[in-house]
Amino acid sequence: MLSSRDTLAILLSLAVTLAASPAISFAQTPPPPRPGADGPPPKPGGGGRGGELNESHADSTGAQEIIGEIWVDNWFRLFVNGAPLLEDSVAYRTERSFNAERVTFSADLPMTLAFEFRDFMENETGLEYIGTRRQQMGDGGAIAQFRDRASGKLLTVTGADWRCLTVQAAPADASCARAQNPDVSLPACAPTRTSVPDTWTAPGFDDSGWPHATVHSARDVGPKHGYDRVDWDRSAKLIWGPDLKKDNILYCRVTVGG
């Protein structure tokens with residue numbers, strides 16, 4: 001049997017241990033933070049896939065600072081006054097590449113904007129998802145607007161006044177999409193190519209023989225992912241060639257402030 005003195009010693013020892021426990025727990029090293037938890041919050045409008053708005057600044061010269069906003073199904077390249085300015089941040093070979101671009105640049109007016117627009121196609125037949133149950137003809141569509149950065153004044157928007165030439169169209173017939181092995185050697189899958197001089201981006205190029213852009217409805221184009229990240233002016237229109245499905249590569253031009 002424990003004596004009263006031994007019992008008192010045990011009780012005192014327990015009391016000391018319990019009193020020290022909170023201090024011990026507070027002194028323990030906290031768990032490491034979750035990856036990225038100590039970093040800044042995600043920046044709105046970051047680039048990349050998944051319906052994003054990619055923002056950038058292009059190196060260029062000129063007296064006027066301009067903001068351009070562009071959405072294309074599937075890919076674009078932009079030239080200003082004959083010089084390359086911007087290329088879609090998502091590679092052309094990316095299926096379902098839906099994203100918008102906002103670019104700030106400098107230029108002198110009048111300026112000529114020249115776009116190369118491309119819808120995704122796996123090869124010259126113009127088809128996508130070849131060899132799968134989803135094998136089909138794709139469809140394109142583009143919209144853009146440009147403003148003066150300082151004043152916010154609208155300089156130009158895509159519309160029927162733009163000139164757009166289809167330089168690759170395929171397939172020749174929609175039945176190509178049902179072919180088991182679609183190939184350009186099949187009459188239904190044959191492409192149509194139009195040659196254009198390398199100077200087509202230059203301000204002095206004569207595009208008067210090119211057809212005007214065809215305006216398409218949002219219902220027909222079905223814009224998505226990135227499109228709704230831009231506050232489009234009501235005058236900005238979705239444009240393409242006359243055939244959303246067969247017209248795969250287009251060159252489009254407009255001169256602003258001339």
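Leaving aside neighbours within four places in sequence, which residues is T104 in contact with? They are S56, H57, A58, E65, I66, I67 and R149, where contact means heavy atoms within 4.5 Å. This is a predicted model, in which local features need pLDDT of at least 70 and side-chain atom pairs count only at pLDDT 80 or more, while totals for chains, interfaces and linings use all residues. Residues are numbered from 1 along each chain as its sequence is written, and side-chain values use heavy atoms, with hydrogens and water left out.

**Confidence**
- The average pLDDT (the predictor's confidence in each residue, from 0 to 100) is 84 for the protein, and 78% of the residues score at least 70.
- Residues 14-50 have pLDDT below 50, and this stretch has 17 contacts in the model beyond near neighbours in sequence.
- Where pLDDT is low, the predicted coordinates should not be read in detail.

**Strands and sheet**
- T104 belongs to strand β5, residues 100-107; helices (H or I, at least four residues) and strands (E, at least two) are DSSP runs, numbered from the N terminus.
- T104 is buried at 12% relative accessibility; buried means under 20% relative accessible area, exposed over 50%, and partly exposed in between, with a 1.4 Å probe and protein chains only.
- An open sheet of six strands runs in the order β4-β3-β6-β15-β11-β12, with antiparallel pairing; two strands pair if DSSP finds at least two bridges between them.
- Its edge strands, β4 (83-87) and β12 (192-193), each pair on one side only.
- Six bridges join β11 (residues 163-169) to β15 (residues 247-256) in the antiparallel sense, and Q168 has I249 in β15 as its bridge partner.

**Salt bridges**
- There are nine salt bridges, each a side-chain nitrogen of Lys or Arg within 4 Å of a carboxyl oxygen of Asp or Glu.
- E52 and R229 form one, with their closest N and O atoms 3.2 Å apart. E52 is in the loop between α1 (4-27) and β1 (53-57) and R229 in the loop between α2 (218-221) and β14 (238-240), so the pair ties together parts 177 residues apart in sequence.
- Both residues are partly exposed, E52 at 24% and R229 at 33%.
- In the pair E55 and R102, the closest N and O atoms are 3.6 Å apart. E55 is in strand β1 and R102 in strand β5, so this pair ties together parts 47 residues apart in sequence.
- E55, E69 and R102 are linked in a salt-bridge network.
- D207 and R253 form a salt bridge with closest N and O atoms 2.8 Å apart. D207 is buried at 16%, and R253 is buried at 2%.
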